[in-house]
Amino acid sequence: MAGSSSSILDWKFSQVFGERSPGEDVENIDVISAIEFDKSGDYLAVGDRGGRVVIFEKKAGKDVTSKQYSRNELEKSDVMVLQHPEYRYKTEFQSHEPEFDYLKSVEIEEKINKMKWCTKLNGSLFILSTNDKTIKLWKVKERKLKKVKEMDLGPYVSSENALLSERSFVSGESKSSVANGLSLEWIDKMETSISVSNAGHMNGQNIGETAFARCRKMYAHAHDYNINSISNNSDGETFISADDLRINLWNLEVSDQCFNIIDMKPPNMDDLTEVITSAEFHPLHCNLLAYSSSRGFIRLVDMRQSALCDRSSIMLHDAEPRGQKTFFTEIIASISSIKFAPDGRHILSRDYMNLKFWDMRMPTSPVVTYKIHDHLRPKLGELYNNDAIFDKFDCCLSGDGTHFATGSYSNHMRIYGVGSEEGTTLEASRNSFRKRPPQATSKVRRSSLSNLTRGFYRQGHNTSESENNEFSCDLNSKLLHLAWHPKSNMIACSTGNSLFMYYA
């Protein structure tokens, strides 16, 4: 993890999609439930509770954030110059529909739980999406069709045959062709709006949609409990799916068979002490994966050791005592999200109270702990009664692994940098304000990793009562889902049905 990251990034508003007017109610099916960038950062997928997946694509232009252009190059260029990536709507499709399990008498929601982009092949995009029970592989491909540029509706009304003739639709022909008075032209976008004038001519105008999606594979009937995670392997051929008690390994090309590689179900369910909450493949080694549990453990397993990976190679657990144990201790220790850093040696985790950054060579204590919700500790009883204590917040890392972010209440997003004791709080809105979280007092110790935080690690934050009052929160406004652009300092986050983007 190279490079200095002590500076605080200056975040600015970029775009918003689905912005609500003040006081406008949001339908439950329109609430965003998953956000995912592809590896190139050119595409962004957004899933909602209504089972829909919306795909955005990066606008064409020179992105000066990813490549250094000289001033003369930029002045001479007639291509639009983007100071940061900007996105536009590409397409959307209905990924899942509500179902009913008649054997268990349970309704299966259409809500999109997770999405993962797969390797792009032959110009087509591939994306995995899942609800509680069924995973689907979708292929998104550009449309290519003909539009009618001009048509004479005179005495030669045999135009339909000419329009549908096989010869006129051969893609190997030139960009335009003429047949029986028809002028035909290939277009890359489905943008055909037809109007007929009084003179009997038909002209084409541009509207619409550019791509369509088709379900290629359906991976079903493999989970007894609700799916909480899917993750692609670095080999490009396999992926895992995780529910509360099991993790299954799939081949993308085989939809009717999977291998159970982790099974935490005890012979007697009364002996159950923890459940799986998140799982992710290692970004570099195809044989390694990590999964988290409701007890706050993160286990790293090696699939080469045995067919059933019931023993972890490494277990990360914060052994330092955190005050007196209460009824809520295990609830707030449950990890809702884990993400590998790009170097594969560090893991970012989020539980209800904290954001933790781990080094896999230091399994007994995180490198640094950011106390996101410590000011809510006196209100845990109230949070339990209204179920807010079970909210699951995502976390994400920058493409270079030196910054990370997570969500909070009041539509707040917290952003931190490795090696910096200060962070940034943004409110997800068009007119977002920026302020620093409470100052941290920290215990410091030496470490062998000189390139990370300049040889120092921080453990724990303490906040004063006055600072807690400053960060009081609205529990009804929560920022649960967010994703970091893989190549730029850009974050996409959601509140309700609105998608906000910020850049630095």
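This short talk walks through one chain, from the whole down to single residues.

A word on the model before we start. It is predicted, so local features need pLDDT of at least 70 and side-chain atom pairs count only at pLDDT 80 or more, while totals for chains, interfaces and linings use all residues. Residues are numbered from 1 along each chain as its sequence is written, and side-chain values use heavy atoms, with hydrogens and water left out.

Now the overview. The chain has five helices and 40 strands. Both are DSSP runs, numbered from the N terminus: helices are H or I with at least four residues, strands are E with at least two. There are 504 residues in the chain, and 48% of them are buried. Buried means under 20% relative accessible area, exposed means over 50%, and partly exposed lies in between, with a 1.4 Å probe and protein chains only.

Next, contacts, meaning heavy atoms within 4.5 Å. Take those with a separation of 6 or more: residues 24 or more positions apart account for 56% of them. The chain exposes about 25,000 Å², and carbon and sulfur atoms supply 48% of that. Accessible areas come from the Shrake-Rupley method with a 1.4 Å probe; for residues, only the protein chains shown count as cover.

Let's go to strand S28, residues 346-351. How many of its six residues are buried? Six of the six, so S28 is largely enclosed by the rest of the structure. Both faces are covered. His-346, Leu-348 and Arg-350 are buried on one side; Ile-347, Ser-349 and Asp-351 are buried on the other.

What does S28 pair with? Two strands pair if DSSP finds at least two bridges between them. Strand S27, residues 335-340, pairs with S28 in the antiparallel sense over five bridges. Here Phe-340 has Ile-347 of S28 as its bridge partner. The two strands form a hairpin with five residues between them. In that turn, Gly-344 has a positive phi of about 80°.

Then comes strand S29, residues 354-359. It also runs antiparallel to S28, joined by five bridges. Ser-349 has Lys-356 in S29 as its bridge partner. The hairpin from S28 to S29 goes through two residues.

On to a sheet. Four strands form an open sheet in the order S19-S20-S21-S22, with antiparallel pairing. Its edge strands are S19 (229-232) and S22 (254-263), each pairing on one side only. The twist averages 25° from one strand to the next; axes are lines fitted to C-alpha atoms, for helices over the stretch in contact, and angles run from 0 to 180 degrees between N-to-C directions. S19 is joined to S20, residues 238-242, by four bridges. Ser-231 stands opposite Ile-240 in S20.

Is Lys-116 buried or exposed? It counts as buried, because its relative accessibility is 15%. Leaving aside neighbours within four places in sequence, its contacts include Ser-231, Ile-230 and Asn-232. Glu-36 and Glu-280 are also among them.

Two last stops. Tyr-87 is in strand S7, residues 87-94. At 1% relative accessibility, Tyr-87 counts as buried. Tyr-87 and Val-16 are 71 residues apart in sequence and 9.8 Å apart in space, C-alpha to C-alpha.

Finally, Phe-327. It lies in the loop between strand S26 (314-316) and helix H3 (329-333). Phe-327 is exposed, because its relative accessible area is 56%.
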